[in-house]
Amino acid sequence: MTQPNGLRAIPTEDRAWLIAALQDALAGGAPVFPLAPDTSPEVVLALQHTPLPEGTALVVRTSGSSGIPKAVALSAAALRASANATHEAFGGPGQWLVPLPSNLISGIQPLIRSAIAEQEPVFVDGAFDPARLLAAAELMTAERRYVSLVPVQLSRLLDHAAADPEAAAILQRFDAVLVGGQAITVALRQRCHELGVALKRSYGMTETAGGCVYDGVEIGDTLVRIRAGEVQLAGSALALGYVGDPELTADRFITETDSAGTETRWYRTGDAGELLGGMLTVTGRIDRVLISGGINVSLDEVERVVREQPGWASAVALAAPHPEWGERVTLVLETSDQAQSDAGADAAHASFERVREEVRARLGVAALPEWVTETPEIPRLAGGKPDLIALGEWLGRLRDSFRETRRAPKHAAPDAGADVTDAVGTADTADAADAVEAADAIEATDVVGVPGHTGDQAHRAAGEEQA
């Protein structure tokens, strides 16, 4: 049997031990695996008996965008390079407020930066609450103050600050509010500007030891290039690779030699993007593309347009099969009070028809969303991104349920499935009979929501399934 590799699994709840272990790893000590509360013992045992890349100081388990768990190995040099680049970009070391989970790179890097700056981080406990975060911020003592957030947290903080001048003053006290993990809407950026919040947009991932591009510009010695539409990154902060997966490591991390014989190691992000005036713009995931009527449609581009509409900031775009077009776009919209507050929903909440008009005008007819399904809560990954795999499986179950309902005898007693049937329609369907016929044709691609029509009982059933 393979001997244990020396990897120390440290519970994230034991902050003193975790910080001490990270400091030791940075100094050349045993590698650290920050252990989330729900991590199974089998995962820990497997990682501790898998050979680690030479120089590993930190192992971070992440699902990224694929939903497939991966363990990323990072060296002390990469962690230091990332932290030092951030300090340089922000004008110097400072004290960090930590509201993000310490098993994710977004929550670990503030601890690394704090260790290098010899500053005590301040933690925010419990479920995210803007008032609790700002109360924790009042405990900070350093002259320079930083916080790292995800967009939904920032949105709720801005709501709180807009209604409370004292809260706004605390938020304005931060020298940088670093936000990453998802795209940030123009509206959110505008709100930050109006409130005097020092927003810094971060792009990076576990494989780059965290953010390596701020506001579209590389930090430290990071290099950015676009190859075949894909964003590729190089620099000192790159990970060593994936633990126990040499094939994936070789596929994602590539080394090229230029004409002078200089080798450069690049990470293939899988993100689509472009460089405009030397600034990086990420447009979505390369694998988030469907083919509708022979035309490539970026689901991320559809999401970007849809989320700019009032009340639709929580929308997620997915691919659904279609007998004529091959595939069409379907939307899932979060309807909880908090989600609608985050989305800026008000009296001007855009209708589905208005959303479709905007998508048609900007992206063309092939990108038109065919359906919208409402649910009280969208499943999310630990970092706050929508769990696309869970959403796809949920919609699949709804399609299966609706298909069974349509196969049932017409004299059968009505049930929740019948309510779903009544709520089905395509964007071009005029009445319920046509809606059922259309649903038969498209295998009930999505089962709730016609433009201008809502099936409340179907929505409730969907919510119960989701829960």
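User: How many cavities of 30 Å³ or more does the count come to?
Analyst: The count comes to two cavities of 30 Å³ or more. Keep in mind that this is a predicted model.

User: What volume does the largest cavity have?
Analyst: About 60 Å³.

User: And which residues line the largest cavity?
Analyst: The lining is A81, S82, A85, T208, G211, C212, I219, G220, D221, T222 and A237.

User: Which elements each supply at least two residues of that lining?
Analyst: Helix 3 (76–90) and strand 10 (210–214) do. Helix 3 gives the largest share, with three residues.

User: How does the lining of the largest cavity split by class?
Analyst: Five residues are nonpolar, five are polar and one is charged.

User: Now the second largest cavity. What is its volume?
Analyst: The second largest cavity has a volume of about 30 Å³. Its lining consists of T208, C212, T222, L233, A234, G235, A237 and L238.

User: What classes are in the lining of the second largest cavity?
Analyst: Five nonpolar and three polar residues, with no charged ones.

User: Switching to helices. At what angle do helix 6 and helix 8 cross?
Analyst: Roughly 40 degrees, and their axes come within 11 Å. Helix 6 covers residues 151–163 and helix 8 covers residues 186–195. The two helices are therefore oblique to each other.

User: Is the crossing of helix 6 with helix 8 left-handed or right-handed?
Analyst: Helix 6 passes helix 8 in a left-handed crossing.

User: Which residues meet there?
Analyst: From helix 6, P151, L154, S155, L158, D159, A161 and A162. They meet L188, R191, C192 and L195 of helix 8. By class, this contact has eight nonpolar residues, one polar and two charged.

User: What about helix 10 and helix 12, how do their axes cross?
Analyst: At roughly 130 degrees, with the axes coming within 9 Å. Helix 10 is residues 299–307, and helix 12 is residues 352–363.

User: Why do helix 10 and helix 12 count as oblique?
Analyst: Helix 10 and helix 12 are oblique because of their crossing angle. An angle counts as roughly antiparallel over 145 degrees, and as roughly perpendicular from 65 to 115.

User: Handedness of that one: left or right?
Analyst: Helix 10 passes helix 12 in a right-handed crossing. Helix 10 brings E301, V302, R304, V305 and V306 to the contact. Helix 12 brings V355, E358, V359, R362 and L363.

User: And what are the classes in the contact of helix 10 with helix 12?
Analyst: Six nonpolar and four charged residues, with no polar ones.

Terms used: Residues are numbered from 1 along each chain as its sequence is written. This is a predicted model: local features need pLDDT of at least 70, side-chain atom pairs count only at pLDDT 80 or more; totals for chains, interfaces and linings use all residues. Side-chain values use heavy atoms; hydrogens and water are left out. Axes are lines fitted to C-alpha atoms, for helices over the stretch in contact, and angles run from 0 to 180 degrees between N-to-C directions. Helices (H or I, at least four residues) and strands (E, at least two) are DSSP runs, numbered from the N terminus. Angles under 35 degrees count as roughly parallel, over 145 as roughly antiparallel, 65 to 115 as roughly perpendicular and the rest as oblique. A crossing is left-handed if the near helix is turned anticlockwise from the far one by less than a right angle, and right-handed if clockwise. Contact means heavy atoms within 4.5 Å. Ala, Val, Leu, Ile, Met, Phe, Trp, Tyr, Cys and Pro count as nonpolar, Asp, Glu, Lys and Arg as charged, and the others, Gly among them, as polar. On a 1 Å grid over the protein atoms alone, a cavity is a set of points where a 1.4 Å probe fits but cannot get out, and a pocket is an open set with protein on both sides within 12 Å along at least five of seven lines; lining residues have an atom within 4 Å of a point. Grid points are joined across faces, edges and corners, and a volume is the space filled by probe spheres set on the points.
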